[in-house]
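Colleague: Got the file open. Can you walk me through it?
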Amino acid sequence: MADDTFTVGELNELLREGVRTLFPEAIWVQGEIGSLDRSRNGHVFFELHDPPEDSSGRVPARINVVLLARDRSSVNRTLREAGNTVRMRDGLSIRIKAFVDVYAPAGRLQLRMVGIDPTHTLGELELRRLQTIARLEKEGLRHRNARLPFPPFPYRIGLVTAEGSAAEADFLHELEASGLSWNVLLAYAAMQGADCERSVRSALLTLEKMRPDAIAVVRGGGARTDLAVFDSELLARTVALLDIPVVVGIGHETDRSVLDEVAHVSCKTPTAAAAHLVSVAIGAVERAEQAWEEVRSASLETLRGHRQRIESFAHSARSSTSRRTTLARQEVERKVRSILTRGVARLAADDERISGCGSRVAARSSTILRHHRDRVGTFERIVSLADPARQLARGWSLTYTRDGKLLRSPADVEKGDDLVTIVAAGRVSSTVTGAEIRPTRFVVEGPGVADEFTDDTRS
């Protein structure tokens with residue numbers, strides 16, 4: 001191999017030595033975290049990149065960073081000394097102290113992080129928070145939710161929190177301890193991490209469709225950077241534009257998130273958020289009880305006044321009624337005597353007329369009965385002559401087709417049709433072998449009967 005030819009490993013080692021010679025001391029670098037990954041062996045890997053300067057889509061400059069497990073304890077100690085208010089996550093702007101190095105096996109330029117400046121991150125977070133609040137204020141959204149009327153008794157509560165969290169338990173315990181009845185609609189969400197913003201917004205929009213009386217967003221305390229997601233402009237706009245009052249109970253004692261600024265009510269803890277709802281509900285109950293007591297007192301006073309007037313009216317009515325009853329009784333007795341006198345005379349005259357009518361009716365009734373008896377006898381003889389059984393006994397018959405129609409003409413049947421003929425002694429079944437339409441002469445004979453006629457109706 002030529003003397004001026006390097007292997008990849010040799011080249012990477014030269015690059016590593018050159019970089020270390022160029023940057024012998026640790027330097028401070030600032031940028032935004034991306035693609036953060038915490039490995040099982042305690043190392044932390046991420047990219048540090050510049051924030052995009054415009055919306056042109058140009059990829060900002062970036063460099064790989066590694067925080068080795070042996071340096072991680074020192075960084076964590078720095079964070080604890082700052083009040084444990086910073087936790088590294090994607091999108092967070094940080095200022096780190098690092099050695100510029102080359103990872104020789106891959107020939108990759110990287111930074112080996114050995115320190116962090118907590119105050120830089122807090123300053124960036126505060127600046128973003130203030131800028132977001134200013135934009136919301138300018139658009140009239142900062143106090144929009146707060147101007148919504150709060151329901152006098154918030155019975156249906158929508159709850160956004162992490163499933164199984166202490167925040168959920170504290171909130172529900174406070175409601176239960178009130179002794180009031182509640183209907184809690186749960187919408188679980190990730191309350192930290194990269195998915196927190198999307199998850200909380202989705203839960204809020206889901207609850208909005210269910211139309212609760214109020215929505216509570218609660219979670220426990222944590223690092224300032226863990227709570228930075230609640231400074232999200234997207235979440236703030238979502239809450240501001242809801243038509244349902246929102247109560248925020250995020251576990252921080254001093255700092256206020258942007259979500260606190262746009263909510264209807266901001267509380268320091270999940271328990272305090274539930275206590276606020278309980279206070280509103282108890283106030284409504286007390287007002288209702290007070291109103292009921294006022295209605296009851298006013299009703300009793302009104303009833304007492306009416307009772308007195310009724311008693312006065314009753315006394316006057318009794319006196320007046322007694323006098324009128326006496327006069328009415330006397331008038332009734334007078335009219336009864338008059339009616340009895342006229343009634344006796346009228347009854348005597350009617351008895352005489354009824355006696356005269358009875359004699360006349362008795363004389364004419366026998367004549368009328370004989371006349372009608374003769375007419376009934378005549379009708380009986382006529383009906384007897386028209387009796388079908390009598391006609392059948394004389395030799396007449398009735399023939400029906402198979403569908404029960406009376407046979408009146410040969411045209412009503414065809415060859416092969418079944419017929420039933422009714423005679424005096426029973427019925428005869430037959431089958432048509434032929435049918436002919438022509439005038440037929442009938443001779444009727446019998447004891448004392450001799451008659452002949454022609455049927456011109458095609459019987």
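Modeller: One term before we start. Buried means under 20% relative accessible area, exposed means over 50%, and partly exposed lies in between. Also, this is a predicted model.

Colleague: Fine. Is Asp 117 buried or exposed?
Modeller: Asp 117 counts as buried, because its relative accessibility is 15% and the cut-off is under 20%.

Colleague: Which side chain does Asp 117 meet in a salt bridge?
Modeller: That of Arg 95, at 3.2 Å from N to O. Asp 117 sits in the loop between strand E5 (108-116) and helix H3 (118-138), and Arg 95 in strand E4 (residues 93-103), so the pair ties together parts that are 22 residues apart in sequence. Arg 95 is partly exposed, with a relative accessible area of 26%.

Colleague: How many salt bridges in the whole structure?
Modeller: The search finds 16. One of them joins Glu 301 and Arg 304, at 2.5 Å from N to O.

Colleague: Where do Glu 301 and Arg 304 lie?
Modeller: Both are in helix H8 (residues 270-385). They are three residues apart, about one turn of the helix. Glu 301 is partly exposed at 49%, and Arg 304 is partly exposed at 41%.

Colleague: And which residue does Arg 142 bridge to?
Modeller: Glu 137, with the closest N and O atoms 3.1 Å apart. Arg 142 is partly exposed, at 22% relative accessible area. Glu 137 is also partly exposed, at 39%.

Colleague: Which residues are linked in a network of salt bridges?
Modeller: Arg 135, Glu 139, Glu 233 and Arg 237.

Colleague: Switching to strands. What is the order in the open sheet of five strands?
Modeller: E7-E6-E8-E9-E10, with parallel pairing. Strand E7 (183-188) and strand E10 (265-267) are the edges, and each pairs on one side only. From one strand to the next, the twist averages 20°.

Colleague: Let's take E8. How many bridges join E6 to E8?
Modeller: Four, and the two strands run parallel. E6 covers residues 156-161. Leu 159 has Ala 216 in E8 as its bridge partner.

Colleague: How many bridges between E8 and E9?
Modeller: Five, again in the parallel sense. E9 spans residues 246-250. Val 217 stands opposite Val 248 in E9.

Colleague: And between E9 and E10?
Modeller: Three bridges, with the strands parallel. Val 247 has Val 265 in E10 as its bridge partner.

Colleague: Back to E8. How many of its residues are buried?
Modeller: Six of the six, so E8 is largely enclosed by the rest of the structure.

Colleague: Which residues are on each side?
Modeller: Ala 214, Ala 216 and Val 218 are on one side. Ile 215, Val 217 and Arg 219 are on the other. Both faces are covered.

Colleague: Which strands does helix H5 lie across?
Modeller: E6, E7 and E8. H5 covers residues 196-210 and runs at about 170° to E6.

Colleague: Last one. Where is Asp 231?
Modeller: In the loop between strand E8 (214-219) and helix H6 (233-241). Asp 231 is buried, with a relative accessible area of 10%.

Colleague: What does the side chain of Asp 231 reach?
Modeller: The backbone nitrogen of Val 258, at 2.9 Å.

Technical notes: Residues are numbered from 1 along each chain as its sequence is written. This is a predicted model: local features need pLDDT of at least 70, side-chain atom pairs count only at pLDDT 80 or more; totals for chains, interfaces and linings use all residues. Side-chain values use heavy atoms; hydrogens and water are left out. Buried means under 20% relative accessible area, exposed over 50%, partly exposed in between (1.4 Å probe, protein chains only). A polar contact is a pair of N or O atoms within 3.5 Å; within protein, one must be able to donate a hydrogen and the other to accept it, and residues adjacent in sequence count only if both atoms are side-chain atoms. Two strands pair if DSSP finds at least two bridges between them. A salt bridge is a side-chain nitrogen of Lys or Arg within 4 Å of a carboxyl oxygen of Asp or Glu. Axes are lines fitted to C-alpha atoms, for helices over the stretch in contact, and angles run from 0 to 180 degrees between N-to-C directions. Contact means heavy atoms within 4.5 Å.
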